[in-house]
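Subject: Handover of a structure model

Dear colleague,

Please find below the structure that I am handing over to you.

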Amino acid sequence: MNRRLLVLRALGLGDLLAGVPALRALRRARPGHELVLAAPPELGEAVAATGAVDTLLPAAAPGRAVPAALDWTGPPPDIAVDLHGNGPPSHRLLQALRPARLLAFAHPETPEVDGPPWIPHEHERERWCRLLRAYGIPADAHDLLLPRPAAASPAPGAVLVHPGAASAARRWPAGRYADVVRGLLRRGHRVVVTGGPGEEGLVGAVAVPGAEPFPGGLPFGVLSALVAGASAVVSGDTGLAHLAVAHGTPSVTLFGPVAPALWGPPPSPRHAALWHPGPPGDPHGDVPDPLLLRIGVPEVLAAVRDVIGAAGVHTAGRPGARPGPERVKVGRTERPADPDPHGPAHRGNGASS
(Lines give C-alpha, C1' and ligand atoms only; values in the text may rest on other atoms or scores of the structure.)
Protein backbone atom coordinates (compact mmCIF):
# COMPACT_ATOMS: atom_id res chain seq x y z
CA MET A 1 0.00 0.00 0.00
CA ASN A 2 1.27 3.47 -0.92
CA ARG A 3 2.26 5.40 2.22
CA ARG A 4 1.39 9.08 2.13
CA LEU A 5 2.71 12.05 4.11
CA LEU A 6 0.41 15.09 4.15
CA VAL A 7 1.76 18.59 4.83
CA LEU A 8 -0.59 21.52 5.44
CA ARG A 9 0.72 24.94 4.34
CA ALA A 10 -2.19 26.58 2.54
CA LEU A 11 -0.63 30.03 2.36
CA GLY A 12 1.14 32.28 -0.19
CA LEU A 13 4.34 32.17 -2.25
CA GLY A 14 6.53 33.67 0.46
CA ASP A 15 5.19 31.17 2.97
CA LEU A 16 5.85 28.29 0.60
CA LEU A 17 9.45 29.37 0.03
CA ALA A 18 10.02 29.90 3.77
CA GLY A 19 8.79 26.32 4.25
CA VAL A 20 11.14 24.78 1.67
CA PRO A 21 13.80 23.72 4.22
CA ALA A 22 11.17 21.84 6.23
CA LEU A 23 9.67 20.24 3.12
CA ARG A 24 13.08 19.03 1.99
CA ALA A 25 13.81 17.67 5.45
CA LEU A 26 10.59 15.63 5.31
CA ARG A 27 11.46 14.43 1.80
CA ARG A 28 14.85 13.15 2.99
CA ALA A 29 13.42 11.61 6.15
CA ARG A 30 10.62 9.72 4.36
CA PRO A 31 11.90 8.92 0.84
CA GLY A 32 9.40 6.06 0.46
CA HIS A 33 6.34 8.19 1.15
CA GLU A 34 4.28 10.14 -1.34
CA LEU A 35 4.63 13.70 -0.05
CA VAL A 36 1.34 15.56 -0.52
CA LEU A 37 1.27 19.31 0.09
CA ALA A 38 -2.05 21.04 0.80
CA ALA A 39 -1.54 24.50 -0.71
CA PRO A 40 -3.23 26.95 -3.12
CA PRO A 41 -3.43 25.57 -6.68
CA GLU A 42 -1.88 28.70 -8.20
CA LEU A 43 1.40 27.74 -6.50
CA GLY A 44 1.69 24.56 -8.57
CA GLU A 45 4.76 25.63 -10.56
CA ALA A 46 6.52 26.95 -7.48
CA VAL A 47 5.74 23.76 -5.55
CA ALA A 48 7.21 21.67 -8.37
CA ALA A 49 10.37 23.82 -8.35
CA THR A 50 11.11 22.86 -4.74
CA GLY A 51 11.86 19.27 -5.78
CA ALA A 52 10.38 18.05 -2.49
CA VAL A 53 6.68 17.49 -3.26
CA ASP A 54 5.06 14.65 -5.19
CA THR A 55 1.44 15.84 -5.22
CA LEU A 56 -0.30 19.17 -4.72
CA LEU A 57 -3.64 18.95 -2.91
CA PRO A 58 -5.49 22.21 -3.71
CA ALA A 59 -6.37 24.01 -0.49
CA ALA A 60 -6.88 27.67 0.36
CA ALA A 61 -8.81 30.06 2.57
CA PRO A 62 -9.21 33.86 2.69
CA GLY A 63 -6.29 35.71 4.22
CA ARG A 64 -4.17 33.42 6.34
CA ALA A 65 -7.08 31.35 7.64
CA VAL A 66 -7.17 27.56 7.85
CA PRO A 67 -9.12 25.86 5.04
CA ALA A 68 -12.55 24.59 6.09
CA ALA A 69 -11.81 21.12 4.72
CA LEU A 70 -9.33 19.09 2.65
CA ASP A 71 -10.39 17.07 -0.37
CA TRP A 72 -8.46 14.02 0.83
CA THR A 73 -9.36 10.63 -0.66
CA GLY A 74 -8.24 7.11 0.13
CA PRO A 75 -6.81 5.78 3.39
CA PRO A 76 -5.77 8.17 6.16
CA PRO A 77 -2.29 9.70 5.88
CA ASP A 78 0.52 7.75 7.44
CA ILE A 79 1.88 11.07 8.74
CA ALA A 80 0.31 14.54 8.80
CA VAL A 81 2.46 17.63 9.42
CA ASP A 82 1.05 21.01 10.41
CA LEU A 83 3.26 23.68 8.82
CA HIS A 84 0.32 26.11 8.72
CA GLY A 85 -0.12 27.30 12.29
CA ASN A 86 -0.07 26.36 15.94
CA GLY A 87 -3.71 26.39 16.97
CA PRO A 88 -6.69 24.09 17.17
CA PRO A 89 -8.14 24.94 13.71
CA SER A 90 -5.19 23.50 11.77
CA HIS A 91 -4.71 20.66 14.28
CA ARG A 92 -8.35 19.61 14.01
CA LEU A 93 -8.41 19.87 10.24
CA LEU A 94 -5.61 17.30 10.07
CA GLN A 95 -6.95 15.18 12.94
CA ALA A 96 -10.23 14.82 11.02
CA LEU A 97 -8.32 12.75 8.44
CA ARG A 98 -7.27 10.29 11.19
CA PRO A 99 -3.53 10.21 10.41
CA ALA A 100 -1.47 7.52 12.08
CA ARG A 101 0.78 10.29 13.41
CA LEU A 102 0.45 14.07 13.63
CA LEU A 103 3.49 16.35 13.86
CA ALA A 104 2.52 19.79 15.17
CA PHE A 105 3.27 22.40 17.79
CA ALA A 106 1.64 21.97 21.17
CA HIS A 107 -1.43 23.98 22.15
CA PRO A 108 -3.42 23.88 25.41
CA GLU A 109 -6.69 23.36 23.55
CA THR A 110 -5.36 20.22 21.82
CA PRO A 111 -3.48 18.49 24.66
CA GLU A 112 -3.31 15.26 22.69
CA VAL A 113 -0.73 16.89 20.37
CA ASP A 114 2.65 16.18 21.93
CA GLY A 115 4.74 18.68 19.97
CA PRO A 116 7.24 21.32 21.09
CA PRO A 117 6.15 24.76 22.33
CA TRP A 118 5.44 27.59 19.91
CA ILE A 119 7.87 30.52 20.13
CA PRO A 120 6.18 33.72 18.88
CA HIS A 121 9.30 35.71 17.95
CA GLU A 122 11.12 33.09 15.88
CA HIS A 123 12.25 33.24 12.27
CA GLU A 124 9.76 31.48 10.00
CA ARG A 125 12.27 29.13 8.36
CA GLU A 126 13.82 28.11 11.67
CA ARG A 127 10.40 27.65 13.33
CA TRP A 128 9.36 24.78 11.09
CA CYS A 129 12.79 23.19 11.10
CA ARG A 130 12.73 23.24 14.91
CA LEU A 131 9.35 21.51 14.84
CA LEU A 132 10.76 18.67 12.77
CA ARG A 133 13.93 18.38 14.85
CA ALA A 134 11.75 17.97 17.94
CA TYR A 135 10.37 14.82 16.29
CA GLY A 136 13.85 13.52 15.42
CA ILE A 137 13.95 14.76 11.81
CA PRO A 138 17.14 16.69 10.92
CA ALA A 139 16.33 19.99 9.22
CA ASP A 140 18.55 22.83 7.98
CA ALA A 141 16.91 26.27 7.77
CA HIS A 142 19.49 27.32 5.15
CA ASP A 143 18.43 24.60 2.67
CA LEU A 144 16.37 27.00 0.61
CA LEU A 145 17.91 27.40 -2.86
CA LEU A 146 15.84 26.62 -5.95
CA PRO A 147 17.32 25.34 -9.22
CA ARG A 148 17.69 27.93 -11.94
CA PRO A 149 14.64 28.12 -14.22
CA ALA A 150 14.90 26.39 -17.58
CA ALA A 151 13.60 29.50 -19.37
CA ALA A 152 15.87 32.46 -20.08
CA SER A 153 15.10 35.81 -18.47
CA PRO A 154 13.24 38.26 -20.74
CA ALA A 155 15.36 41.04 -19.17
CA PRO A 156 18.76 39.61 -18.22
CA GLY A 157 20.90 41.74 -15.93
CA ALA A 158 18.12 44.20 -15.09
CA VAL A 159 17.35 45.52 -11.63
CA LEU A 160 13.86 44.24 -10.86
CA VAL A 161 11.64 46.57 -8.84
CA HIS A 162 8.48 45.03 -7.37
CA PRO A 163 6.32 47.65 -5.59
CA GLY A 164 3.36 45.43 -4.75
CA ALA A 165 2.42 43.58 -1.56
CA ALA A 166 -0.64 41.72 -0.32
CA SER A 167 -1.47 44.44 2.22
CA ALA A 168 -1.08 48.22 2.14
CA ALA A 169 0.84 48.09 5.43
CA ARG A 170 3.79 46.50 3.59
CA ARG A 171 3.49 48.64 0.45
CA TRP A 172 6.03 51.48 0.27
CA PRO A 173 4.56 54.51 -1.60
CA ALA A 174 4.54 54.25 -5.39
CA GLY A 175 6.09 57.70 -5.72
CA ARG A 176 9.13 56.62 -3.74
CA TYR A 177 9.52 53.48 -5.82
CA ALA A 178 9.34 55.66 -8.95
CA ASP A 179 12.13 57.83 -7.53
CA VAL A 180 14.23 54.70 -6.95
CA VAL A 181 13.63 53.67 -10.56
CA ARG A 182 14.74 57.12 -11.78
CA GLY A 183 17.87 56.89 -9.66
CA LEU A 184 18.72 53.44 -11.02
CA LEU A 185 18.19 54.63 -14.60
CA ARG A 186 20.50 57.59 -14.02
CA ARG A 187 23.17 55.15 -12.86
CA GLY A 188 22.89 53.25 -16.12
CA HIS A 189 20.92 50.22 -14.92
CA ARG A 190 18.34 48.45 -16.99
CA VAL A 191 15.18 48.47 -14.83
CA VAL A 192 12.05 46.32 -15.00
CA VAL A 193 8.95 46.80 -12.85
CA THR A 194 6.66 43.90 -11.93
CA GLY A 195 3.48 43.53 -9.91
CA GLY A 196 1.01 40.98 -8.68
CA PRO A 197 -2.44 40.21 -10.07
CA GLY A 198 -4.50 43.37 -10.44
CA GLU A 199 -1.51 45.67 -9.86
CA GLU A 200 -1.19 46.93 -13.43
CA GLY A 201 -1.97 50.48 -12.30
CA LEU A 202 0.75 50.34 -9.65
CA VAL A 203 3.24 48.98 -12.19
CA GLY A 204 2.36 51.80 -14.58
CA ALA A 205 2.84 54.43 -11.86
CA VAL A 206 6.30 53.13 -10.91
CA ALA A 207 7.62 52.31 -14.41
CA VAL A 208 8.74 55.81 -15.33
CA PRO A 209 10.03 56.48 -18.90
CA GLY A 210 13.06 54.30 -19.54
CA ALA A 211 11.88 51.44 -17.32
CA GLU A 212 10.23 48.30 -18.69
CA PRO A 213 6.82 47.43 -17.21
CA PHE A 214 5.72 43.82 -16.95
CA PRO A 215 2.01 43.13 -16.43
CA GLY A 216 0.75 42.15 -13.00
CA GLY A 217 0.38 38.49 -12.16
CA LEU A 218 3.12 37.04 -14.36
CA PRO A 219 3.18 33.23 -14.62
CA PHE A 220 5.57 31.80 -12.05
CA GLY A 221 7.96 30.50 -14.71
CA VAL A 222 8.40 33.96 -16.24
CA LEU A 223 8.68 35.66 -12.85
CA SER A 224 11.20 33.09 -11.63
CA ALA A 225 13.33 33.56 -14.76
CA LEU A 226 13.22 37.34 -14.34
CA VAL A 227 14.35 37.07 -10.71
CA ALA A 228 17.05 34.48 -11.40
CA GLY A 229 18.49 36.60 -14.22
CA ALA A 230 18.32 39.95 -12.44
CA SER A 231 21.34 41.84 -11.12
CA ALA A 232 19.25 42.78 -8.07
CA VAL A 233 15.67 42.72 -6.78
CA VAL A 234 14.07 45.59 -4.85
CA SER A 235 10.78 44.87 -3.08
CA GLY A 236 8.84 45.00 0.13
CA ASP A 237 8.44 42.11 2.54
CA THR A 238 6.63 39.86 0.10
CA GLY A 239 6.96 36.62 -1.85
CA LEU A 240 9.30 38.07 -4.45
CA ALA A 241 11.90 38.82 -1.78
CA HIS A 242 11.92 35.13 -0.84
CA LEU A 243 12.19 34.17 -4.50
CA ALA A 244 15.27 36.37 -4.89
CA VAL A 245 16.91 34.64 -1.93
CA ALA A 246 15.95 31.23 -3.32
CA HIS A 247 17.74 32.06 -6.58
CA GLY A 248 20.79 33.67 -4.97
CA THR A 249 19.94 37.02 -6.57
CA PRO A 250 21.12 40.13 -4.70
CA SER A 251 18.14 41.73 -2.99
CA VAL A 252 17.05 44.82 -1.10
CA THR A 253 13.94 44.24 1.01
CA LEU A 254 12.01 47.07 2.67
CA PHE A 255 10.66 45.88 6.04
CA GLY A 256 7.79 47.26 8.07
CA PRO A 257 5.85 46.58 10.18
CA VAL A 258 7.28 43.06 10.55
CA ALA A 259 10.96 42.83 11.45
CA PRO A 260 13.47 40.95 9.28
CA ALA A 261 14.31 38.84 12.33
CA LEU A 262 11.03 37.01 11.59
CA TRP A 263 10.96 36.88 7.78
CA GLY A 264 14.27 38.21 6.48
CA PRO A 265 16.95 36.56 4.32
CA PRO A 266 19.87 34.62 5.81
CA PRO A 267 22.89 36.77 6.75
CA SER A 268 24.83 37.74 3.61
CA PRO A 269 26.12 40.94 2.01
CA ARG A 270 24.09 39.88 -1.06
CA HIS A 271 20.90 40.69 0.83
CA ALA A 272 20.06 44.01 2.50
CA ALA A 273 17.09 44.19 4.87
CA LEU A 274 16.14 47.83 5.39
CA TRP A 275 14.47 48.23 8.77
CA HIS A 276 13.96 51.05 11.25
CA PRO A 277 12.94 49.49 14.58
CA GLY A 278 9.93 50.79 16.44
CA PRO A 279 6.60 49.78 17.96
CA PRO A 280 5.08 46.78 16.13
CA GLY A 281 2.23 47.49 13.73
CA ASP A 282 -0.47 45.57 11.89
CA PRO A 283 1.03 43.66 8.93
CA HIS A 284 -2.44 43.51 7.36
CA GLY A 285 -3.29 47.20 7.82
CA ASP A 286 -4.81 49.33 5.06
CA VAL A 287 -2.19 52.12 5.09
CA PRO A 288 1.62 51.99 4.82
CA ASP A 289 3.15 51.24 8.20
CA PRO A 290 5.04 54.13 9.88
CA LEU A 291 8.16 51.97 10.23
CA LEU A 292 8.14 51.27 6.50
CA LEU A 293 7.77 54.99 5.77
CA ARG A 294 10.98 55.72 7.69
CA ILE A 295 12.94 54.17 4.81
CA GLY A 296 14.14 56.78 2.34
CA VAL A 297 14.95 56.69 -1.37
CA PRO A 298 18.72 57.38 -0.91
CA GLU A 299 18.90 54.47 1.55
CA VAL A 300 17.41 52.10 -1.02
CA LEU A 301 19.70 53.28 -3.81
CA ALA A 302 22.76 52.87 -1.59
CA ALA A 303 21.67 49.36 -0.64
CA VAL A 304 21.22 48.37 -4.30
CA ARG A 305 24.75 49.57 -5.02
CA ASP A 306 26.11 47.60 -2.08
CA VAL A 307 24.42 44.25 -2.75
CA ILE A 308 25.38 44.35 -6.41
CA GLY A 309 28.95 45.18 -5.45
CA ALA A 310 29.04 42.41 -2.85
CA ALA A 311 27.88 39.88 -5.41
CA GLY A 312 30.46 40.98 -7.96
CA VAL A 313 27.81 41.64 -10.59
CA HIS A 314 29.18 43.86 -13.38
CA THR A 315 26.65 46.49 -14.38
CA ALA A 316 26.75 50.09 -15.48
CA GLY A 317 25.85 51.08 -11.92
CA ARG A 318 28.54 52.05 -9.48
CA PRO A 319 29.40 49.07 -7.26
CA GLY A 320 30.67 49.58 -3.76
CA ALA A 321 30.66 46.67 -1.35
CA ARG A 322 30.61 47.29 2.36
CA PRO A 323 31.81 44.91 5.05
CA GLY A 324 29.21 42.27 5.89
CA PRO A 325 28.70 39.38 8.29
CA GLU A 326 30.60 36.15 7.99
CA ARG A 327 29.71 33.83 5.16
CA VAL A 328 27.18 31.14 6.02
CA LYS A 329 26.77 27.79 4.33
CA VAL A 330 23.54 27.03 2.49
CA GLY A 331 22.37 23.43 2.42
CA ARG A 332 22.02 21.41 -0.72
CA THR A 333 18.86 21.31 -2.76
CA GLU A 334 17.18 18.04 -3.60
CA ARG A 335 17.44 18.84 -7.30
CA PRO A 336 20.84 20.08 -8.49
CA ALA A 337 20.84 23.61 -9.79
CA ASP A 338 22.45 24.71 -13.00
CA PRO A 339 25.95 26.17 -12.62
CA ASP A 340 25.61 29.50 -10.81
CA PRO A 341 28.22 32.22 -11.22
CA HIS A 342 27.38 33.33 -7.68
CA GLY A 343 28.50 29.97 -6.23
CA PRO A 344 26.55 27.57 -4.03
CA ALA A 345 26.52 29.70 -0.89
CA HIS A 346 24.83 32.96 0.14
CA ARG A 347 25.97 35.80 2.24
CA GLY A 348 23.34 38.48 3.49
CA ASN A 349 21.99 40.54 6.38
CA GLY A 350 18.88 40.96 7.17
CA ALA A 351 10.26 38.73 4.03
CA SER A 352 5.93 36.90 2.95
CA SER A 353 3.29 37.11 0.41
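A residue is called exposed when its relative accessible area is over 50%, and buried when that area is under 20%. The model is a predicted one, and the findings are arranged by region.

**Arginine 98**

By that cut-off arginine 98 counts as exposed, because its relative accessible area is 61%. Arginine 98 sits in the loop that links helix 4 (88-95) with strand 5 (102-103). Although arginine 98 is not a glycine, its phi is positive, at about 60 degrees.

Strand 1 (residues 4-8) is largely enclosed by the rest of the structure, because five of its five residues are buried. Side chains in a regular strand alternate between the two faces of the sheet. In strand 1, Arg4, Leu6 and Leu8 point one way, while Leu5 and Val7 point the other way; all are buried.

Strand 1 runs parallel to strand 2 (residues 34-39), and five bridges join the two. Leucine 8 has alanine 38 of strand 2 as its bridge partner, and leucine 5 stands opposite leucine 35 in strand 2. Strand 1 is also joined to strand 4 (residues 79-82) by four bridges, and these two strands run parallel. There, leucine 6 stands opposite alanine 80 of strand 4.

Six of the six residues of strand 2 are buried, so strand 2 too is largely enclosed by the rest of the structure. Glu34, Val36 and Ala38 point one way from strand 2, and Leu35, Leu37 and Ala39 point the other way, all of them buried. Four bridges connect strand 2 to strand 3 (residues 55-58), with the two strands running parallel. In strand 3, leucine 57 is the residue opposite alanine 38.

**Helix 2 and helix 5**

The axes of helix 2 (residues 20-29) and helix 5 (residues 124-134) are 8 Å apart, and the helices pack at an angle of about 25 degrees. Helix 2 and helix 5 are therefore roughly parallel to each other. Helix 2 contributes Pro21, Ala22, Ala25 and Leu26 to the contact, and helix 5 contributes Arg125, Trp128, Cys129 and Leu132. By class, the contact of helix 2 with helix 5 has seven nonpolar residues, one charged residue and no polar residues.

Six strands form an open sheet in the order 8-7-6-9-10-11, with parallel pairing. Strand 8 (212-213) and strand 11 (271-274) are the edge strands, each pairing on one side only. Strand 10 (residues 251-254) and strand 11 run parallel and are joined by four bridges. Threonine 253 is placed opposite alanine 273 of strand 11. Helix 6 (residues 174-186) packs on the sheet and touches strand 6 (159-162), strand 7 (191-193), strand 9 (232-236) and strand 10; the direction of helix 6 makes about 170 degrees with that of strand 6.

In the loop between strand 10 and helix 10 (260-263) lies proline 257. The peptide bond from glycine 256 to proline 257 is cis, with omega near 5 degrees.

**Helix 8 and helix 9**

The axes of helix 8 (residues 220-228) and helix 9 (residues 239-246) come within 9 Å and cross at roughly 60 degrees. That angle makes helix 8 oblique to helix 9. The crossing of helix 8 and helix 9 is right-handed. Phe220, Leu223, Ser224 and Val227 of helix 8 make the contact with Leu240, Leu243 and Ala244 of helix 9. The contact of helix 8 with helix 9 has, by class, six nonpolar residues, one polar residue and no charged residues.

Helix 8 is largely enclosed by the rest of the structure, because seven of its nine residues are buried. The buried residues of helix 8 are Phe220, Leu223, Ser224, Ala225, Leu226, Val227 and Ala228. What covers them includes helix 1 (13-18), helix 3 (44-49), strand 6, strand 7, strand 9 and helix 9.

**Alanine 302**

Alanine 302 belongs to helix 12 (residues 297-311). Alanine 302 is partly exposed, with a relative accessible area of 23%. Between alanine 302 and valine 252 there are 50 residues of separation in sequence, and the C-alpha to C-alpha distance is 9.9 Å.

With kind regards

Definitions and conventions: Residues numbered from 1 in each chain as written. Predicted model: local features only at pLDDT ≥ 70, side-chain atom pairs only at ≥ 80, totals over all residues. Heavy atoms only, no water. Axes fitted to C-alpha atoms, helices over the stretch in contact; angles between N-to-C directions. Parallel < 35°, antiparallel > 145°, perpendicular 65-115°, else oblique. Left-handed = near helix turned anticlockwise from the far one by under 90°. Contact = heavy atoms within 4.5 Å. Nonpolar A, V, L, I, M, F, W, Y, C, P; charged D, E, K, R; others polar. Pairing = 2+ DSSP bridges. Buried < 20%, exposed > 50% of the residue type's maximum accessible area, 1.4 Å probe, protein only.
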